[in-house]
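Work through the following exercises with the model open beside the text. Each task is followed by its solution, taken step by step.

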Amino acid sequence: MKPAPFKYIKASSVAHALSLKAEYGDDGRFLAGGQSLIPALNFRLARPAVLIDINGLAELEACDCLEGGRLRLGALTRYRTLERNGDLLRACPLFADALPHIAHPQIRNRGTVGGNLSHADPASELPAVTVAMRARMRVKSEAGERELDAADFFVGLLTTDLRPDEMLIDVTLPVQKPRSGGCFLEVARRRGDFALAGCAAVITLDDGSRCTDVRLALCGVGETPVDASGAAAALIGEKGSDKLIDAVATDVQRGIAPAGNVHASPDYQRHLAGVLSARALRKALQRVAHAA
Amino acid sequence: MTTRFFGAAVKRNEDKKLLTGQALFIDDVELPGMLHAAFLRSQVAHARVKGIDPSKALKRDGVIAVYTAADLGAYWQSGPLLVPPPPVPGLVFNLRTHVPLARDTVRYAGEPLAIVVAESRYIAEDALDDIAVDLEILPAVVDLEKALDKDAIPVHGDLGTNIAAHVHQTKGNYRSVAAQADLILKRRFRYEHGMSSPIETRGIVAQWNARAQHMTVWDTTQAPVFVRNGLAGALGLGERQVRVIAPFVGGGFGPKIMMLYPEEAMLPWISMRLNRPVKWIEDRFEHFVATTHERGQIHDAEIALTRDGRILGVKDVFLHDNGAYNPYGLTVPINSQCTLLGPYVIPAYDSTFTSVFTNLPIVTPYRGAGRQHGVFVIERLLDLAAHELDIDPAEIRRRNLIPSDAFPYRNEIIYQDFQPLEYDSGNYEPVLDKALEAIGYADFVAEQPRLRAQGRYVGIGVACYVEGTGIGPYEGAKVRVQANGKVSVATGIGTQGQGHFTSFAQIVADQLGVDVTDVEIVTGDTDQFYWGAGTFASRGAVVAGNAVNEASRAVRKKALKLASDAFECAEEDLVLADGKVSIIGIPEKFIRLGELAQRANPMRGAVKPGTEPGLESTQYFGPPSGSTANGVHAAIIEMDPLTFELKILKYVVVHDCGTVINPMILAGQIHGGVAQGIGNAFYEKLSFDEHGQLLNASLADYLLPTALEVPRMQLDHTTTPSPLNPLGIKGAGEAGAIPVGPLFAQAIENALGLKQNGVELLEIPLSPSRLFELIRKGSKA
Amino acid sequence: MQPDRHEVQVSVNGSAYRREVESRMLLSDFLRHELLLAGTHVGCEHGVCGACTVLLDGEPIRSCLMLAVQANGHELSTIEGLAQDTGELHPIQQAMHAHHGLQCGYCTPGILMTMMAFLRENPAPSEQEVREALSGNLCRCTGYQNIVDAMLVAAKAMRASVP
């Protein structure tokens, strides 16, 4: 299990990296944390001609709270950095729930937010979190820069909207609103394995404990992270009763078509999606109550 | 003799090297001019080989050679049979062993077709892509039952059938006892066992020395002497021209024994051809298909009982998935057949199995070696009977245990060591009692309704087993006192973490009155010890341990004789302690053992007739038959009733493996066995598609338990020495792994109240998804 | 295609090394076969087993999931640097010996490197925290229990040795 030959170029700046990507297109791959790419190289499932190493580019390492109540995570933000940043975890508690599910400490020391999102594994946790949080992706090429919603960023199995010459620069997301609660839950065979199903829920209540906003996104149950906020919209204007939440969960199950894998039948995944949606919504509600 | 060390939790001699990164493992062998090999493996399970063209690969920079079956000439031949079938009347055995490289037909995905030798492993892998292979794909035989259909394609065309073996064994007369039974229960059971997945994969380095006409092979084998003999025969060399060294080996658990693996056959041959050392290290992806598996059996079993839960008899007909070739004979299904009988009085037993060729990787023993399958059947039958007869599951087991005055207990049928199965000794009821007490069985039964009322789905399980261990034929040991006073011991077995460097040293240290750290053990080097079988079947401590003991006793005798001559006193007046022989009561009169060793090799004077120079002895030990260990596992688990995730709240093992050499090492063996048992029960499944493709050939998808899946275990022991060897030892290596499947099935059923809902768990491995499917199907029915 | 080669300068256990290697060479192979520091073991080459764990600038990483060329200019720590030059074992090694935390010993170097970093950051972990930290390292022999016990004891010893 040794990689096929490739040319390795260490980018000296984002501009350099982008010019290389413009030159090599799909034959070139950005090397960030490498925690998904290098296994693929070792199995020879990926055989890029050129690896453009973007590690160490300070322009991609931002990890901070912006003015206007938004968080910014540079593409090279490592999971571990996020895990250790108490302010950030408080600003977006979903991360605190989700990060421990991502592989193991050694992987989290290397793996990056940008690499994870660009890899777009539908069973991965962060894509669902970004969808639930209405994150915005800032992508750049030599030709220019654009921003898109997380929900539009993921377009298919291991496929994003990134063009061959583009790079994900950073992700911004809103700080969790007051009177809000969030919860991420997942079922995997072992801790750290890819999710058989996972669910991120965020609920915001008004002073009368009625839902003013509900976000619900799932991982592992489709070709992309699944935005199930539509199903959850039934809660808006309501107090989240068990009955209502169960109805949302049933609706979520109806709206997905999981493919199944060696660990889970499609029906089991659908079942899990319902169970986890209900549990995550309940827990999110409880957390609003606690926060209030 | 004092037993200062024997029986004590002595810390391991081998640890320091391992803890500092200084132990030599196979891939650490670096030799000048060494080449690296990679194998081209079939990507399909069954195909006719129309042609292989390596010409493009040979042009690649850094590629030295490519070999296919066509290049091997007379060296291309089927491998030998490692274990012949036991002498069971009427037995059918169709021998088809594997070949070094597939020539006309490939019979499993992963079977090697060609080998590339290059300046680096990276280049060798590059060149695999250059080889053009023309295969005519044939339908793959994957399903055990369909393999026996009349129109099934045979895996071995010349055989015309996929029956690899057929064996019928009986004890008593099942039909007549069944006629008198109050209850007969019949079920179909499926039990899959996965693969050993040691953290170190296999590897081989072969170095031919043309001047010396000598071959040195470093090999991760568990049986170096067998490999030496096999290689010498195949290469046309004398055994003395071949040295096989099993260095530190990173776990084995069974599959690191074969005779010979294709890679073991190829590397030395290539080294001779090229006159350069060659290394091959199996990568993890290869390991999944190139190292042997255990896999599935399907049992149609029935049990006949009296109304009060006494077993009258068991009838079992089962299919065993043998894979594409059967070089390991019938060890695995014979173990299943024999181990089913367990610790119970089963007056009548009628067992038939058919071993089936499939287009899947070869099956050979992996920790437990088919015992799990048998234990699952009997333990599940007892659970079903307990439910049907409204008897507590622990109680029905107790009622059927073989009483302590019934040993040696004859089970009559032929075991894997070719002897009629006889339990040498045992006292089973105290083991069950201790396990029930440790798990808090009675308290739990009282507590369970309260937990359920709180919405917690907590369940209990208890499972028993007997394990045949310590089989022959024999092992030997050479014990030698050196002039520096240190004792060297050589034995023919290999070691893969079992602590032999310590447990054997403990035996020697007590016999010779030296410290454990002054005993240096060499295992797995055929130039250090010429004869032996290997480390398998929970036999290392029993068979080699007793040989070490015999050799140490002989050296002790020699030392005392030499000292008594020197002191001109009777041997009875001497004491051997602290590395010296002294006269009792006169501690200042002593001779150091090292000095005695020098005196045993004099420069002048005569060595008396009938004596041998050197303070050393080589002795062998072969038990008349295997000794039987036994144990009980009990667990309390909690289930998530919706996701079917499982959490183990408490795990207890009570075990009797006779006299214990080192309780710390024994506990480690049990812990590791249980961890593998948990993997087998709930995590590890080899998933093949209908074309014989392994769908989860990575450690991301073949799920070895981590520190979060394996719970803290509480261990206890009873001691019933074996009468079959002077040390009274029984084997323990496999015990932890054997009964976990039925334990999980029972505890999960209990936690979720499945039996009350008509759902029975009759298969292993289970998983949350599978439980969901079974329960959904069950509740629909 | 001409092999794409690069110079790599690293410090391993405080010693400086300079080699020129092909860009595709994995850090694990570099350490083992170029620098002949073979105590770092390789178990899966896809980042699951943890046997190849080393410290990169003090943080545990999988050396099979990093290219040697990426380590250029960085500091690495491996199993060979754990014991004192006098041969005295580090408390974490001593605890593994005392508690029989290893059998075949193949996974041991990766476990020691992982847990070194963990115990530095978490000097007084609970059993559950130790198990979580350990969960990225597979051991097929021990069932983990003795490793967990060893780590709890090592944590104590390391706390005591810090002034």
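**Exercise 1.** Determine how many salt bridges the rule finds across the interface of domain 1 of chain B and domain 3 of chain B.

Solution. Applying the rule, in which a side-chain nitrogen of Lys or Arg lies within 4 Å of a carboxyl oxygen of Asp or Glu, gives two salt bridges across this interface of the predicted model. B:R243 forms a salt bridge with B:D527, with 3.8 Å between the closest N and O atoms.

This is a predicted model, in which local features need pLDDT of at least 70 and side-chain atom pairs count only at pLDDT 80 or more, while totals for chains, interfaces and linings use all residues. Side-chain values use heavy atoms, leaving out hydrogens and water, and residues are numbered from 1 along each chain as its sequence is written, with chains lettered from A in the order in which they are written.

**Exercise 2.** State how much area domain 1 of chain B and domain 3 of chain B bury between them, and which residues of domain 1 lose the most.

Solution. Taking buried area as the accessible area (1.4 Å probe) that two parts lose on being put together, summed over both, the two domains bury about 1,100 Å², 50% of it on carbon and sulfur atoms. On the side of domain 1 of chain B, the residues losing the most area to domain 3 of chain B are B:V225, B:R240 and B:R243, which together account for 38% of what that side buries.
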